[in-house]
Amino acid sequence: MKNPLDPRHKKRQKLVEDLFKVEFHRQRVSNETKLIIENKDFIDKSIEKSAPEFPIEKINRVDLAILRLAVYELLIEKINPPKVIVDEAVELAKEYGGDTSPAFINGVLGNIIDYGKNS
C-alpha cells in the first residue's frame, strides 16, 4: 500500500470490516463480501492447511477476516498479483490486528502461495 487513500485499499478495508461483522451476525454486507462468504468452506480449508497449528476457531477474528479476503483474492478472484495481495493483507493486519498479526498473515499467505506452486 503506497497511499492509505488508494481506492483499492479503501475497498479492502470495507471488505475486512464486513467480514468481521459477519462473525457477529450483522447481516448487511456488500455483494463482494457475500462472494467471499459463499466460498468460506474452501477458504477456511486453505487456511487450515497452511496453518495447521492454528484451528480456524482459535484465530483472532480480525486476522481471520483479513486472511479470508486475501485467500479469496489469491485462489478464487485471481485479479491482482500475489505480491500485491500479500502486501495489502499485511498492511491491513498492521491497521486492524495485533502486534503479531502482520507476521502471522504473511506466513499463512506465504504457505498458501507455496502450496499453489507445488500443486
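## The cavity

A search of the whole structure, a predicted model, turns up one cavity of 30 Å³ or more. A cavity here is a set of points on a 1 Å grid over the protein atoms alone, where a 1.4 Å probe fits but cannot get out. The largest cavity holds about 30 Å³ of space. That volume is the space filled by probe spheres set on the points, with grid points joined across faces, edges and corners.

Local features need pLDDT of at least 70 and side-chain atom pairs count only at pLDDT 80 or more, while totals for chains, interfaces and linings use all residues. Residues are numbered from 1 along each chain as its sequence is written, and side-chain values use heavy atoms, without hydrogens and water.

## Its lining

Which residues line the largest cavity? They are R12, I66, L69, A70, E73, I85, E88, A89 and L92, each with an atom within 4 Å of a point. Six are nonpolar, three are charged and none is polar. Helices α4 (61-77) and α5 (82-96) each supply at least two lining residues. Helices are DSSP runs (H or I, at least four residues), numbered from the N terminus.

## How α1 meets α4

Helix α1 (residues 7-22) packs on α4 at about 125°, with the axes 9 Å apart. Axes are lines fitted to C-alpha atoms over the stretch in contact, and angles run from 0 to 180 degrees between N-to-C directions.

In contact (heavy atoms within 4.5 Å), R12, L15, V16, L19 and F20 of α1 meet R61, V62, A65, I66, R68, L69 and E73 of α4. By class, this contact has eight nonpolar, four charged and no polar residues.

How values were computed. 1 Å grid on protein atoms, 1.4 Å probe; cavity = no way out; pocket = protein on both sides within 12 Å on 5 of 7 lines; lining within 4 Å. Nonpolar A, V, L, I, M, F, W, Y, C, P; charged D, E, K, R; others polar.
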